[in-house]
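Here is a short briefing on the charged pairs and the sulfur link in this structure. Start with the view below, then read the points by topic.

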Amino acid sequence: EVQLVESGGGLAQPGGSLRLSCAASGFTFDDYAMSWVRQAPGKGLEWVSAITWNGGSTNYAKSMKGRFTISRDNAKNTLYLQMNSLKSEDTAVYYCAKVSTPSAYGTYDLWGQGTQVTVSS
C-alpha cells in the first residue's frame, strides 16, 4: 500500500523539543523529495520544510529556520523533523508530503494522516 504514516507528535513545553517521523511505504522513497506542512487551528496549510531525494539540499520557512531540522534516512524509508525551541505558535497538525519530483520543486501527490503537536505550559 502506498502511504505515509507520521508519528512523534505530542505535548511539549515552550522551549522544548520534539522529533517527528514519517514512515513511507509502497513507493521508491529515494526517488522523491519530501516536505513537511502544518496546519494550525483555524488556519490554512503552511509549508514548513523540504528536502531533496538524497538529502543534499534542504529548505525552511523563515519562522522555522534555525529551530527545525529536516532529514531523511533512505535506507529506512523515513523522513524526520527535529523541532527545537518550540513556541506556542508551532501548535499544529504536522503532515509529511511526497513531492512529485526528486528536486523539491513539484506538486504534493501523497499525504500522511498528520500528527498533532501542541506546545503549551
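Does K98 count as buried or exposed? K98 counts as buried, at 7% relative accessibility. Buried means under 20% relative accessible area, exposed means over 50%, and partly exposed lies in between (1.4 Å probe, protein chains only).

This is a predicted model, in which local features need pLDDT of at least 70, side-chain atom pairs count only at pLDDT 80 or more, and totals for chains, interfaces and linings use all residues. Residues are numbered from 1 along each chain as its sequence is written, and side-chain values use heavy atoms, with hydrogens and water left out.

**Salt bridges around D90**

- A search of the whole structure finds four salt bridges. A salt bridge is a side-chain nitrogen of Lys or Arg within 4 Å of a carboxyl oxygen of Asp or Glu.
- D90 pairs with R38, and their closest N and O atoms are 2.9 Å apart. D90 lies in the loop between β8 (78-83) and β9 (92-99) and R38 in strand β4 (residues 34-39), so the pair ties together parts that are 52 residues apart in sequence. Strands (E, at least two residues) are DSSP runs, numbered from the N terminus.
- D90 is buried, with a relative accessible area of 0%. R38 is buried too, at 5%.
- D90 also forms a salt bridge with R67, at 2.7 Å from N to O. R67 sits in the loop between β6 (58-60) and β7 (68-73), 23 residues apart from D90. Both D90 and R67 are buried.
- Salt bridges link R38, E46, R67 and D90 in a network.

**The D109 and K98 pair**

- D109 forms a salt bridge with K98, with 2.9 Å between the closest N and O atoms. D109 is in strand β10 (residues 108-111) and K98 in strand β9, so the pair ties together parts that are 11 residues apart in sequence.
- D109 is partly exposed, with a relative accessible area of 43%.

**The disulfide**

- A disulfide is a covalent bond between the sulfur atoms of two cysteines. Here it is counted as a pair of cysteine sulfur atoms within 2.5 Å.
- The search of the whole structure finds one disulfide. It joins C22 to C96, with an S to S distance of 2.0 Å.
- C22 is in strand β3 (residues 18-25) and C96 in strand β9, 74 residues apart.
- The link of C22 and C96 is right-handed, with 55 degrees about the S-S bond.
- C22 counts as buried at 0% relative accessibility. C96 counts as buried at 0% as well.

How values were computed. Helix = DSSP H or I, 4+ residues; strand = E, 2+ residues; numbered from the N terminus.
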